[in-house]
Each structure stands twice: as C-alpha cells, then as structure tokens.
Amino acid sequence: MKIAQITPLYEAVPPRLYGGTERVVAHLTDALVDLGHDVTLFASAEAETRARLIPVRDQAIRLDPAPLKSELAAHMAMLSDVLKRADDFDVLHFHTDMIHFPFFERLADKTITTLHGRLDMKDLPGVYERWPQFGLVSISDDQRRPMPFAGWKATVHHGMPADLYDFGPRSDGYLAFLGRISPEKRPDRAIEIATKLNKPLKMAAKVDAADKVYWETVIRPMVEANPLVEFIGEIGDHQKSVFLGRAEALLFPIDWPEPFGLVMIEAMACGTPVVAFRCGSTSEVIEDGETGFLVDTLEQAIAAAGRAHLLDRDAIRARFDLRFSSTAMARRYLDVYGDLLARRPFAEDPVHRAVTRIRKRGSDEFPSAPDRTMALQL
C-alpha cells in the first residue's frame, strides 16, 4: 500500500524530549516500512524516519526559538501539501485531530484519523456529528466514552520498537515518575506514596508554561522539602532505559481519563512494573497482578508500590513484546487500512488507479516499479 502519515508539528518525529503523538507516529511509520509498505511522512524537517519524508516546516514548533509562531498556519500549510499529493496515496492517515476535516471532505473515504487526546470537551461532539464520514481510530476503548456515536472503525493500542529500550533485570530500589508536571498527572500523589514507603522517588518530568504556577506553588515546595525526592527534569529516549529499567516501579497516579499513557508500556519494555490508578485506559494496558497493579485509592497505591518488587520482570517484558511492539501496532493498522480499501468503489481500487495512471503517463514515466510491473501484467 501507498500510505501517507500526517503528524502534528508540535514536536520532532520522534520527539527530542517529551512528546507522545509524534513518538507513536515515528514508531508506526518505521514499522510499516519494515513490513514492506510505501510510506510517506509529512513532518518537520528534522524527522528521523525510514519512510520518504516530505518536510513541511523547518523544525518542530515547540523547540523553535522564534518568539512568534502560528501553530494554525503551520498545520494549514501542511494540509495543503497533503491535499496536492492526495492522489499519490491509497490511505491518508491523519494524527492531527479534526483540523483536516473541512479540507478533505471529498476524500474522506480514503482517510483514517487516529484521535490521540481526551474527548470530554465542549464543542468536540458537534464537530464529529458534522463530519461523520471520517473513519476514526481510538487508542483505547475508554477514550470513546464521551462520543460513542462517532465514526469509530477500530481501537489500536500504541506500540513501540522492541529494541528501543533495554531490559532491566533488577532495580536500584527507587520509584519513578515520568511525564509532565500537571494537576491531572498527580505528581503530588507520587511524592506521598514514596514518602509513606520511605523509598527514593526520581521524577523525570516536563513543566509546561501552563503548569508553571502549579509547579512553583505546589510541587516544587514538596520536592525541595523532601530528601527522598530527586527532580531530574525532561529526559529523552536515550535516557529512559536507565531511568525506567533501574526503577522498582513506575508510579502512574493519574486523576484524568488518560487516552492511553505511553509511559506505561515504556516501563513494561524495561521490565518495570506499573502502579496505576484505575482511570482512563489503565485497565486496558496494565494486567493487574501481572504487569503491575491497578488501584483506586492512595492507600491501595502505597500497598501496591510496596509489593511491586515481587512481580516477575521477565514476564512483564514478555507481555510487552506480545501486546505492545510497534510491529503489532502496525499490523493492527494494516487491518484498518484493508477494511478502508475494501469499502472503496472499484474506480478507487489502487490496482485500477495504477493502471489508469500508467496509461495516461506511459509506463516509463511512472516512478513506482512494483505498480508499473503489476499494471503492465494486467
């Protein structure tokens, strides 16, 4: 298949530091290439990919030092580039929420849109009711709850390369918190859990501008007053094997409907158990008593973190390989793409379209050797 992956432009692909959606797009794109598909990635110029890259911005928005930037203008320009090339692809896979809907109405039947964020927001239902022709993929079943009426085609859990992080056979006895400092991520709970257990806590987290007041007034004083807590700041992929692989457990004490929670499978890839509050997607990702513990109260979380060292780290890694590798994710998406192509009229069939293009342009001018050979044989 000829597949276009269209990513948000906020972070590099994959991100240099914090970032979920662009990281998943990077993993999916490379896995599809490895499975033999012709993939084109629309992203900022510093993307690292095995696919064909079409750079649509000189660099990702968040780390761009320019003081004034328009996120909307950047994404509109990218969508214009995709639209110009739309006939070159069998599938257009968008990861840009709903911004492309007005542009691609006439091409909705060749698009798939993965929604990566929370959906319990005012105004969102009206958009998905207005454009029901766009097929949607959720990243957890729980993510769908605010909009069960939307055009859901599948749920595909995130995945990542099996060799991205190293397995950690034993821990150094500390607890870990990885992600973002924000009220819904509940870093305060992580600090309290570690304190009650008298265990060291290492926090590798990003502080967004929107959360600086929360950091300065709530979390930073808790960190500075507690000798058990070490605040590291943002870390990249190259640091996570050590940070997660040597942790006794990852604390995931969220207080919001997390659509997926990539950090949970990052920990599992290192063999590290996860103690997660039962909220959002966590019960779909964590197998209670096997790859971690699901809890409902702070008291349960403290008890679970205290016995996390009893779980089998080899078994946790094995479950990651089975359920959450990037290859497993890519194969699930290929099923989604196949269903999309199967519903398309014959005139839109990729083989028929290849034949038509060759007849119009001549076989010598057609750039794709596999399609040229297939069409000439027909």
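Visitor: Which residue follows H1, and what is its phi near?

Guide: H1 is followed by Gly36, whose phi is positive, near 100 degrees. Before we go on: this is a predicted model, where local features need pLDDT of at least 70 and side-chain atom pairs count only at pLDDT 80 or more, while totals for chains, interfaces and linings use all residues. Residues are numbered from 1 along each chain as its sequence is written, and side-chain values use heavy atoms, with hydrogens and water left out.

Visitor: How do you know that the span of H1 agrees with what it should be?

Guide: The expected span is 1.5 Å times one less than the number of residues. For the 14 residues of H1 that gives 20 Å, and the end C-alpha atoms are 20 Å apart, so the two values agree.

Visitor: Why is H1 called mostly covered?

Guide: A residue is buried under 20% relative accessible area, exposed over 50% and partly exposed in between, using a 1.4 Å probe and protein chains only. In H1, 12 of the 14 residues are buried, among them Thr21, Glu22 and Val25. The elements that cover them include strand E1 (2-6), strand E2 (38-44), helix H6 (237-245) and H7.

Visitor: What makes H7 largely enclosed?

Guide: Here 8 of the 8 residues are buried, so H7 is largely enclosed by the rest of the structure. Leu262, Glu266 and Ala269 are among the buried residues. Gly271 follows H7 and has a positive phi, near 85 degrees.

Visitor: What makes Glu258 buried, and where is it found?

Guide: Glu258 has 7% relative accessibility, so it counts as buried. You can find Glu258 in the loop between strand E11 (247-252) and helix H7 (262-269). Beyond its neighbours within four places in sequence, Glu258 is in contact with Lys185, Phe252, Gly280 and Ser281. Gly280 is 22 residues from Glu258 in sequence, yet their C-alpha atoms are 4.6 Å apart.

Visitor: How do you know that Glu258 makes a polar contact with Lys185?

Guide: A polar contact needs a pair of N or O atoms within 3.5 Å; within protein, one must be able to donate a hydrogen and the other to accept it, and residues adjacent in sequence count only if both atoms are side-chain atoms. The side chains of Glu258 and Lys185 make such a contact at 3.0 Å. The side chain of Glu258 also reaches the backbone nitrogen of Gly261 at 3.4 Å.

Visitor: Why is one space called a cavity and another a pocket?

Guide: On a 1 Å grid over the protein atoms alone, a cavity is a set of points where a 1.4 Å probe fits but cannot get out, whereas a pocket is an open set with protein on both sides within 12 Å along at least five of seven lines; lining residues have an atom within 4 Å of a point. The structure holds 1 cavity of 30 Å³ or more. The largest cavity has about 40 Å³ of space, and its lining includes Phe177, Lys185 and Ile254. E8 gives the most to that lining, with 4 residues.

Visitor: How many residues line the largest pocket, and which lie nearest its centre?

Guide: The largest pocket is lined by 49 residues, with Tyr18, Gly20, Thr21, Glu22 and His116 nearest its centre. H1 gives the most to this lining, with 4 residues.

Visitor: What makes Asp123 exposed?

Guide: Asp123 has a relative accessible area of 59%, so it is exposed. Asp123 also has a positive phi of about 85 degrees although it is not a glycine. Asn198 counts as exposed at 59% relative accessibility, and its phi is positive as well, near 55 degrees.

Note on methods
Helix = DSSP H or I, 4+ residues; strand = E, 2+ residues; numbered from the N terminus. Contact = heavy atoms within 4.5 Å. Points joined across faces, edges and corners; volume = space filled by probe spheres on them.
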